[in-house]
Amino acid sequence: MDAAAAYPQLSQLVSAAVRAHLTDTLNDKPAVTVFAPNNEAFKNLTASQLSSLLSNEGQLKKVLTYHVVDKQIKPDQLSDGSFTTVEGGKLTTSGSGTDFKVNGKANIVCGNIKAANATIYVVDSVLQPPS
């Protein structure tokens, strides 16, 4: 999360992680991949969806940890990947070249950003864990 804080386009994610008390949890994991929703992703939620999410710490934690995989994912693993998230659900990646998607709909808009303990892929949607 310290690395994400350096990117203005991830300020909503950083703020949400602080609100969910996840900063230390994520900073302390040894090698993770974060599919980090950018500020535009949060703007794509309706006002009521965003308000509901931010006011429910348990749900916010669940949604945010669904964006984190407990291992580093290299770009060559994205074309047809299936990964278990920290939340416990599965997410998939697909695509080729420079066009990759998460769960068939969220676009990876920027990727393979290296941080001390993480690889970050910026996505344009807030991913929802399977219910």
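Trainee: Which residues is Leu64 in contact with, leaving aside its neighbours within four places in sequence?
Mentor: Leu13, Ala16, Ala17, Ala20 and Leu22. Contact here means heavy atoms within 4.5 Å. This is a predicted model, where local features need pLDDT of at least 70 and side-chain atom pairs count only at pLDDT 80 or more, while totals for chains, interfaces and linings use all residues. Residues are numbered from 1 along each chain as its sequence is written, and side-chain values use heavy atoms, with hydrogens and water left out.

Trainee: Which residues touch the most other members of the largest nonpolar core?
Mentor: Met1 and Leu64, in a core of 27 residues. A nonpolar core is a set of buried Ala, Val, Leu, Ile, Met, Phe, Trp, Tyr and Cys residues joined through side-chain atoms within 4.5 Å. Buried is under 20% relative accessible area, exposed is over 50%, and partly exposed is in between, using a 1.4 Å probe and protein chains only.

Trainee: And which element gives the most to this core?
Mentor: α1, with four residues. Helices (H or I, at least four residues) and strands (E, at least two) are DSSP runs, numbered from the N terminus.

Trainee: Changing topic. Where is Gln72?
Mentor: Gln72 is in the loop between β2 (68–69) and β3 (80–84).

Trainee: Why does Gln72 count as partly exposed?
Mentor: Because its relative accessibility is 32%.

Trainee: What does the side chain of Gln72 make a polar contact with?
Mentor: The side chain of Thr119, at 3.5 Å. A polar contact is a pair of N or O atoms within 3.5 Å; within protein, one must be able to donate a hydrogen and the other to accept it, and residues adjacent in sequence count only if both atoms are side-chain atoms. Beyond four places in sequence, Gln72 is also in contact with others, including Ala31, Gln77 and Asn117.

Trainee: Where does Asn117 sit, then?
Mentor: In the loop between β6 (106–114) and β7.

Trainee: Is Asn117 buried or exposed?
Mentor: Asn117 is buried, because its relative accessible area is 13%. Not counting residues up to four places away in sequence, Asn117 touches Leu26, Pro30 and Gln72, among others.
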